[in-house]
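Welcome, and please take a moment to look over the chain below. We will start with some paired side chains and then move on to the wider picture.

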Amino acid sequence: MADSKRAPWTAPEPSYPQTGLQVYNSLTKSKVAFVPRAGNHVSWYGCGPTVYDAAHMGHASTYVAFDIIRRIMEDYLGYDMTVVMNITDIDDKIIVRARHKRLVA
């Protein structure tokens, strides 16, 4: 859909006192106030890593970053957080590599 046909974005009305937290809105290309959908409760889903080989520090950085942001939002900003992260355990590249190494039939 072309930008000229898209309805303009309007900020939601906060139902909880503002914390000053801002997020980048890629639609408006600007920082806007973070406003949870349901009062003080924030539901956050994030894609975790797809691990192709031996574990390394890069894998841990995903979990550390998520945990730091969650702790700040809970402990300092007072949000009630529900955070879910998936871990993609296998995909076609992993299966092909295992077959080349004769680890699976």
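## Salt bridges

In this predicted model, Asp-67 pairs with Arg-71 in a salt bridge whose closest N and O atoms are 2.6 Å apart. Asp-67 and Arg-71 are separated by about one helical turn, because they sit four residues apart in helix α1. Asp-67 also forms a salt bridge with Arg-70, with 2.7 Å between the closest N and O atoms. Here the two partners are three residues apart in helix α1, again about one helical turn.

Arg-70 has a further partner: its side chain meets that of Glu-74 in a salt bridge, at 2.5 Å from N to O. Arg-70 and Glu-74 are four residues apart in helix α1, about one turn of the helix. Taken together, Asp-67, Arg-70, Arg-71 and Glu-74 are linked in a network of salt bridges. The structure holds three salt bridges.

How accessible are these residues? Arg-71 is partly exposed at 44% relative accessibility, and Arg-70 is partly exposed at 21%. Asp-67 counts as partly exposed at 26%, and Glu-74 is also partly exposed, at 26%.

## A nonpolar patch

Helix α1 spans residues 57-76 and includes Ile-68. Ile-68 belongs to a nonpolar surface patch with Val-64, Ile-72 and Tyr-76, and together they have about 430 Å² of accessible area. Ile-68 itself has a relative accessible area of 45%, so it counts as partly exposed.

## Pocket and cavity

The largest pocket holds about 390 Å³ of space. It is lined by 17 residues, and the closest to its centre are Phe-34, Val-35, Pro-36, Arg-37 and Val-42. Elements giving two or more residues to this lining are β2 (30-33), β3 (41-46) and α1. Strand β3 gives the largest share, four residues. By class, the pocket lining divides into 14 nonpolar residues, two polar and one charged.

What about enclosed space? A search of the whole structure finds one cavity of 30 Å³ or more, and the volume of the largest cavity is about 40 Å³. Its lining includes Pro-14, Tyr-16, Val-35 and Tyr-79. That lining has six nonpolar residues, three polar and no charged ones.

## The whole chain

Stepping back, the chain has two helices and four strands. Along the sequence they follow the pattern β-β-β-α-β-α. The chain has 105 residues, of which 17% count as buried.

Conventions: Residues numbered from 1 in each chain as written. Predicted model: local features only at pLDDT ≥ 70, side-chain atom pairs only at ≥ 80, totals over all residues. Heavy atoms only, no water. Patch = residues over 30% accessible without salt bridge, like charges linked within 9 Å, V, L, I, M, F, W, Y side chains within 5 Å. Areas by Shrake-Rupley, 256 points an atom, 1.4 Å probe, with all protein chains shown as cover. Salt bridge = Lys/Arg side-chain N within 4 Å of Asp/Glu carboxyl O. Buried < 20%, exposed > 50% of the residue type's maximum accessible area, 1.4 Å probe, protein only. 1 Å grid on protein atoms, 1.4 Å probe; cavity = no way out; pocket = protein on both sides within 12 Å on 5 of 7 lines; lining within 4 Å. Points joined across faces, edges and corners; volume = space filled by probe spheres on them. Nonpolar A, V, L, I, M, F, W, Y, C, P; charged D, E, K, R; others polar.
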